[in-house]
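Colleague: I'd like to learn how to read a model like this one. Could you walk me through it?

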Amino acid sequence: MPHLSQRMAEAYKNVPKLNSQTLANSKYYKGGFEPKMTRREASLILDISPTASKVKVKQQFKKIMAVNHPDKGGSPYIAAKINEAKDLLEK
Amino acid sequence: MAKHLVQIIIMGTQVVVKAFARALRQEIAASQAAAHKTGGGARGTQHVAANYKTGISLEEALQILNVERVDQVDAIERNYKYLMEVNDRSKGGSFYIQSKIVRAKERIDEELKTMKTPPPNSNSKQQNASKQL
């Protein structure tokens with residue numbers, strides 16, 4: 001118990017601070033990619049409605065993949081996520 | 001009748017307490033394993049805390065920005081700028097992908113910050129040691 005006040009002070013110090021940077025970034029979606037892709041995430045990645053037609057999915061996939069292709073300096077991890085999203089929505 | 005009722009209540013409580021204790025033990029073991037995986041000690045704890053705070057693991061952040069280590073500062077900055085630009089919403093990019101790039105950069109910045117400041121626990125230990133000397 002004597003360490004309680006010390007612990008409280010430490011915990012208070014570790015509370016995430018509201019600085020200008022976190023406020024500026026607060027409009028972005030939180031966290032990383034979901035451990036297992038859902039329809040919701042797939043549609044967010046391709047920026048289309050979860051009920052979009054297969055033609056629309058293919059069209060949007062081509063557009064998003066073109067700019068994120070690893071051959072053009074894109075990240076292979078993001079490209080893999082885009083592929084996964086297309087596969088899930090095309091099912 | 002009342003005797004049996006009391007017996008049943010006692011047995012029921014025992015089962016619940018045992019199950020709770022087992023769940024607690026498993027939870028502690030899991031969190032220790034997670035801390036151990038990241039190198040253990042104060043550094044490992046800090047690593048897990050940062051993962052939790054930003055909601056993204058350092059490994060994933062590095063993968064998103066297509067680099068291998070946090071000290072590739074130039075490559076991180078270059079890839080971040082490039083990926084943010086090509087995925088910009090005004091050019092028809094996906095806002096969700098852009099968000100993940102921002103969070104990956106945030107996570108790496110967090111790691112660089114903790115690398116500069118030594119973990120608080122070992123620091124206080126050193127202070128104690130110097131006091132004893």
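Colleague: In what order do the elements of chain B run from the N terminus on?

Modeller: Elements are DSSP runs numbered from the N terminus: helices are H or I over at least four residues, strands are E over at least two. In chain B the order is α-α-α-α-α-α, that is, 6 helices and 0 strands. Some ground rules: this is a predicted model, where local features need pLDDT of at least 70, side-chain atom pairs count only at pLDDT 80 or more, and totals for chains, interfaces and linings use all residues. Residues are numbered from 1 along each chain as its sequence is written, while chains are lettered from A and ligands numbered from 1 in the order in which they are written.

Colleague: What does chain B average in pLDDT?

Modeller: pLDDT is the predictor's confidence in each residue, from 0 to 100. Chain B averages 84, and 83% of the residues score at least 70. Watch residues 122–132 of chain B, though, where pLDDT stays under 50. The model as a whole scores ipTM 0.77 and pTM 0.67.

Colleague: How many residues of chain A are in contact with chain B?

Modeller: Two residues are in contact if their C-beta atoms, placed from the backbone, lie within 7 Å. By that rule, 21 residues of chain A meet 25 residues of chain B. On the chain A side, α3 (39–46), α4 (54–68) and α5 (76–90) each give two or more residues, and α4(A) gives the most, with 4 residues.

Colleague: Which residues of α3(A) are buried?

Modeller: Buried means that 20 or more other C-beta atoms lie within 10 Å of a residue's own, with C-beta atoms placed from the backbone. In α3(A), that holds for A:A42, A:S43, A:L44, A:I45 and A:L46. Their cover includes α4 and α5 of chain A, together with α5 (95–116) of chain B. Just after α3(A), A:D47 takes a positive phi of about 60 degrees.

Colleague: And which residues have the most contacts inside the largest nonpolar core?

Modeller: In soluble globular proteins, nonpolar side chains tend to be buried together. A nonpolar core is a set of buried Ala, Val, Leu, Ile, Met, Phe, Trp, Tyr and Cys residues joined through C-beta atoms within 7 Å. Here the largest one has 27 residues, and those with the most contacts inside it are A:I45, A:L46, B:A61, B:L65 and B:A104. The largest share, 5 residues, comes from α5(B). Not counting residues up to four places away in sequence, B:A61 touches B:I56, B:A104, B:R107 and B:I108.

Conventions:
A residue is buried if 20 or more other C-beta atoms lie within 10 Å of its own, exposed if 12 or fewer, and partly exposed in between; C-beta atoms are placed from the backbone.
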